[in-house]
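Reader: I have a model open and want to go through its fold. Can we take it piece by piece?

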Amino acid sequence: MREYNLENGRPPAGVAVSRLASITAREKAARTKAFKIIHGYGSSGVGGRIRTESRKWLAAEKSRGRIRAFIPGEDFSIFSADTRALFTVCPEARRDKDLERSNQGVTVVVL
């Protein structure tokens, strides 16, 4: 599963979401089943905007039917129905290093 770091270069949230939109379009065109984004979680007490804005954008894309699902890192677990559904379309997700780590700084996008 490919991984993209939206935090790279410390962009403003709007720029990071634009990157996410481009990545999503590119991965859909390539018929990718899923990919992972790194957005951080605002551990410094400030920030976390990339995480918040990215997930807000993903929720809108899901409601429009443009993506199947997105799985917040804290829910990326074998106990999550969305994660188990991901395994059927993307078996390599079972080997992802963030599975079962409750990592709030990542999100898996299912296309």
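Reader: At the start of α3, which backbone nitrogen does a side-chain oxygen of S80 reach?
Author: That of D82, to within 3.3 Å. A polar contact here is a pair of N or O atoms within 3.5 Å; within protein, one must be able to donate a hydrogen and the other to accept it, and residues adjacent in sequence count only if both atoms are side-chain atoms. Helices (H or I, at least four residues) and strands (E, at least two) are DSSP runs, numbered from the N terminus.

Reader: What sort of model is this, and which cut-offs apply?
Author: It is a predicted model: local features need pLDDT of at least 70, side-chain atom pairs count only at pLDDT 80 or more, and totals for chains, interfaces and linings use all residues. Residues are numbered from 1 along each chain as its sequence is written, and side-chain values use heavy atoms, with hydrogens and water left out.

Reader: Back to α3. Which of its residues are buried?
Author: T83, L86 and F87. Buried means under 20% relative accessible area, exposed over 50%, and partly exposed in between (1.4 Å probe, protein chains only).

Reader: Why are those on the same side of α3?
Author: Because they cover an arc of only 105 degrees around the axis. The arc is that of the directions from the helix axis to the C-beta atoms. On the other side of α3, A81 and T88 are exposed.

Reader: What covers the buried residues of α3?
Author: The cover includes β2, β3 and β4.

Reader: And T83, what does it touch?
Author: T83 sits in α3, residues 81-89, and its relative accessible area is 0%. Leaving out residues up to four places away in sequence, T83 touches I71, D75, F76, S77, I78 and L99. Contact means heavy atoms within 4.5 Å.

Reader: Now the sheet. In what order do the strands come?
Author: β1-β2-β4-β3, as an open sheet of four strands with mixed pairing. β1 (2-5) and β3 (69-72) stand at the edges with a single partner strand each, so one side of each has no neighbour in the sheet. Two strands pair if DSSP finds at least two bridges between them.

Reader: How many degrees is the twist from one strand to the next?
Author: It averages 25 degrees.

Reader: Which strands run parallel?
Author: β1 and β2 do, joined by four bridges. N5 has I38 in β2 as its bridge partner. The chain goes from β1 through α1 to β2, a right-handed β-α-β crossover. Right-handed means that, with the strands pointing away from the viewer, the path from the first strand over the helix to the second runs clockwise.

Reader: Where does α1 lie?
Author: Helix α1 (residues 13-29) lies across β1 and β2 (34-38), at about 165 degrees to β2. Axes are lines fitted to C-alpha atoms, for helices over the stretch in contact, and angles run from 0 to 180 degrees between N-to-C directions.

Reader: How many bridges are there between β2 and β4?
Author: Five, in the antiparallel sense. I37 stands opposite T107 in β4, and K36 opposite V108.

Reader: And between β3 and β4, how many bridges?
Author: Four, also antiparallel, with β4 being residues 106-110. I71 is partnered with V108, while A69 stands opposite V110.

Reader: Is β4 largely enclosed or left open, and why?
Author: Five of its five residues are buried, so β4 is largely enclosed by the rest of the structure. V106, V108 and V110 point one way from β4, and T107 and V109 the other. In β2, four of the five residues are buried, so β2 is largely enclosed as well.
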